[in-house]
Amino acid sequence: MPQAVDRELIQIGTIAQVHGPVVDVACSALPPLHQALITRMDHETYTFEVHQHLDEAHVRAITLHRTAGLRRGMPVFDTGASLHIPVSLECLNRLLNVFGQPLDGGTPLPDTTYRDILSKPAPLHEVRAATEVLETGIKVIDLLCPFVRGGKTGLFGGAGVGKTILIMEFMHAVAKLHQGVSVFAGVGERIREGHELWREMQNAGVMPHALMVFGQMDESPGVRFRVGMTAQTYAEYLRDTLGKEVLFLMDNVYRFVQAGSEISGLLGRMPATVGYQPTLITEVGSLEDRICSTARGNVTSIQAVYVPADDMTDPAVGAILVHLDTTVILSRAQAGKGIYPAVDSLKSSSKMMDSRVLGERHYRVANAVREQLARYRELEDIIAMLGMEELSPEDRLIVMRARKLQRYLTQPFYVVSRHTGIAGVSVPLEGTLEDCEAFLRGDYDSVSEDQCYMRGRMQEQKK
């Protein structure tokens with residue numbers, strides 16, 4: 001544990017019982033909620049976090065380590081604070097755990113400065129409103145659901161539709177386009193996924209500008225519940241210290257909710273809606289409200305959200321949705337057609353879709369593209385049953401242009417170019433607008449659909 005535990009600590013009690021990751025402690029003086037307690041065994045330090053006061057002499061805590069070997073009567077010590085982590089600019093290019101300890105085999109971070117992972121959000125008068133667009137170089141995102149600089153974006157989708165690949169590409173874009181840094185929180189990641197992601201980031205050249213914090217799937221629910229807070233603390237530190245664009249990414253927020261549900265059950269709380277914890281709204285709010293920009297710098301958040309059974313009405317999904325500025329819905333149907341990124345252009349939205357923010361031209365082109373795609377979707381059933389021949393000439397023209405636009409909005413990514421064999425491309429917003437205007441005018445009516453698929457700018461096709 002990174003806190004200074006070698007100083008003389010005061011024993012406040014002993015372990016009364018252990019059941020799973022829950023430890024009840026008999027105390028001489030009750031520590032406050034969320035206080036970090038420790039015990040030692042075989043030269044190892046075990047950390048607990050207080051979650052409940054049972055009575056005037058007992059507290060219930062969740063362990064942040066395995067509990068094998070713990071027994072009744074073991075002395076418990078109070079650290080005097082909640083969980084702290086070491087912070088330093090040397091955290092970049094590192095892979096850390098919930099305590100700020102290295103998982104990459106490197107040297108520990110300097111222990112000169114610590115920050116509380118449960119610190120309060122920035123004061124309201126210091127928070128800066130999000131009013132700008134953050135360009136990503138990804139055509140479909142920048143055109144139809146632009147990201148808010150200093151805002152929160154959610155990537156919603158079931159398993160296997162490309163959430164993690166998109167997150168990796170955003171990290172690459174922030175490093176290359178904005179010379180910023182990224183903090184990645186792996187909440188409940190499988191060890192295989194975490195290792196592959198780390199290696200992909202190294203191969204893509206992104207790691208020197210990134211920090212990765214992992215709470216793996218096999219760890220205590222207490223770790224999975226707090227690892228997002230650890231990553232947020234590093235993002236806040238980099239925002240305040242570097243004054244650069246900071247991208248805070250979390251994969252997956254739904255696993256944070258699941259960890260909270262596990263803890264709630266372990267503490268004996270009655271479940272609420274659809275079996276979720278009664279504190280769902282508060283817990284999601286405590287995570288989301290800390291993501292903000294100040295005069296010292298911006299923190300832009302992108303969060304992958306697993307949608308159980310592809311049901312957007314799930315209470316956990318609803319609790320997360322209300323905090324977001326941009327919603328990117330990833331569609332299994334799009335992925336099935338080979339349309340990557342598999343963004344559902346009609347369901348995805350952004351609060352920045354306003355002519356006063358985007359400018360008249362961007363707003364007009366985005367709406368025109370949506371209209372074409374929406375009309376095509378309306379006609380798909382007719383085409384499937386009766387064929388294209390039954391459509392009017394005007395509708396046939398709309399379908400042809402919409403299909404080309406749909407394929408134009410696909411894009412090869414840098415972070416998977418080694419696997420696909422297609423070089424990654426980044427397209428500036430101005431280029432995307434010019435191409436879409438040309439599609440809508442009919443300039444590319446003679447171009448085949450294949451020539452629009454997985455390309456950058458369409459002007460290359462003219463050569």
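**Strand pairing and cavities**

I began with Asp251, whose bridge partner in β18 is Ala304. The model I am reading is predicted.

Asp251 belongs to strand β16 (residues 245–251), which pairs with β18 in the parallel sense over 7 bridges. I then looked at β13 (residues 152–157), which also runs parallel to β18 and is joined to it by 6 bridges. Here Leu155 has Ala304 as its bridge partner in β18. For burial, I noted that 8 of the 9 residues of β18 (residues 298–306) are buried.

Next I searched the whole structure for cavities and found 2 of 30 Å³ or more.

The largest cavity holds about 40 Å³ of space. I listed its lining as Gln232, Ala235, Glu236, Phe248, Arg290, Ile291 and Val299. By class, these are 4 nonpolar, 1 polar and 2 charged residues. Helix α4 gives the largest share of this lining, with 3 residues.

I followed up Gln232, which lies in α4 (residues 221–242). Gln232 counts as buried because its relative accessibility is 3%, and the cut-off for buried is under 20%. Leaving aside neighbours within four places in sequence, I found Gln232 in contact with Phe248, Leu287, Arg290 and Ile291.

The second largest cavity holds about 30 Å³ of space. Its lining includes Leu134, Phe147, Phe170, His178, Leu247 and Ile302. I sorted the lining of this second cavity into 7 nonpolar, 2 polar and 1 charged. Its largest share, 3 residues, comes from helix α2 (residues 163–177).

Technical notes. Residues numbered from 1 in each chain as written. Predicted model: local features only at pLDDT ≥ 70, side-chain atom pairs only at ≥ 80, totals over all residues. Heavy atoms only, no water. Buried < 20%, exposed > 50% of the residue type's maximum accessible area, 1.4 Å probe, protein only. Helix = DSSP H or I, 4+ residues; strand = E, 2+ residues; numbered from the N terminus. Pairing = 2+ DSSP bridges. Contact = heavy atoms within 4.5 Å. 1 Å grid on protein atoms, 1.4 Å probe; cavity = no way out; pocket = protein on both sides within 12 Å on 5 of 7 lines; lining within 4 Å. Points joined across faces, edges and corners; volume = space filled by probe spheres on them. Nonpolar A, V, L, I, M, F, W, Y, C, P; charged D, E, K, R; others polar.
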